[in-house]
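Dear colleague,

Please find the structure below, handed over for your review.

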Amino acid sequence: MDSGPERHGAGVVAEWAVDDAEAGGRLDAVVASRLGWSRGQAQARIATGRVMVDGRPAAKSDRVVAGTRVVVAEAPAPDPVPAPEGVPVRYRDAHLAVVAKPPGLVVHPGAGVRSGTLVHALEAMGIPLAPAEDPERPGIVHRLDRGTSGLLVVACDAEALEGLAEQLRRREVRRRYWVLVDGQPDPPSATVEAPLGRDPRQRSRYAVDPGGRPAVTHYDVVESLGEAARLDVRLETGRTHQVRVHLSTIGHPVCGDRTYGADPARADALGLGRPALHAAGLGFTHPVTGEWLAFEEPLPDDLESALGVLRDRAGTQE
């Protein structure tokens, strides 16, 4: 490897030709090594399309070829932060905060979403967020999908970030979801244990994958509503789209979840513009004080309305 990347003018952090020592390496690893960045920092820059290989945006896992030209562009100017309205704080101390994420709000910046995230809103509210390996995700311990509402804990300092992450690894954080699904699951109580990975046919989706990451979901039917059912769902693991994929896999997609096969006519009848999925319960041990903390979050109006429609329709059918 040569002495380092070439530095260029405005808009470009570095530019160089891949040498023999780098050839065959993953792009994120090569960029991190060249620029003295963490792997997460390199991946974040690649995800925003600001790393070009021979003039084209590349993926973090792409293998580089000797002689190709890598250009790393500057990060964009900081995004304007939104007003903090709509992000209720249910608990806060010097180490962490528990918030109620509204539906439609993305948790942190990423590819295609550069502003208006939960991270921006919390920073605008003056809530400190613990630095993370990925600079796009300060304080983020776990996530909720854009369309999912409900409880989320964020870390305000490094001790809380590390402690909460360890509890998640040990499956000690209790997460409970309120869910409406199409149809009536049978049996009414069960555990879905199926590893998940990206769907090779559509990279924005996830699917059961024998080579994927382990995922375990427990569910109980708590109310039968004729054409649909209300479930209490508990997670052992927290993979991306886990609840949605697991319930779709057993033939009962989340109502309103068109991505994973929900009945669009039913979603329209219920007025659902998003999956009927709500993080209703959250419990964990405070990583600094050792106190057990538990929270419950009531349903937002759109899900209350959908539930009311289903109850009315079920009553009519009886």
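L180 touches L225, A229, R230, P253, V254, C255, A276, A306, L307 and L310, leaving aside residues up to four places away in sequence; contact means heavy atoms within 4.5 Å. This is a predicted model, in which local features need pLDDT of at least 70 and side-chain atom pairs count only at pLDDT 80 or more, while totals for chains, interfaces and linings use all residues. Residues are numbered from 1 along each chain as its sequence is written, and side-chain values use heavy atoms, with hydrogens and water left out.

In soluble globular proteins, nonpolar side chains tend to be buried together.

C255, touched by L180, is buried, at a relative accessible area of 1%. Buried here means under 20% relative accessible area, exposed over 50%, and partly exposed in between (1.4 Å probe, protein chains only). C156 is also buried, at 9%. With a disulfide taken as a pair of cysteine sulfur atoms within 2.5 Å, the count is 0 disulfides.

H108 lies in the loop between β6 (96–101) and α3 (118–124); helices (H or I, at least four residues) and strands (E, at least two) are DSSP runs, numbered from the N terminus. H108 is buried, with a relative accessible area of 9%. Beyond residues up to four places away in sequence, H108 touches T117, V119, E136, R137, I140 and R143.

With kind regards
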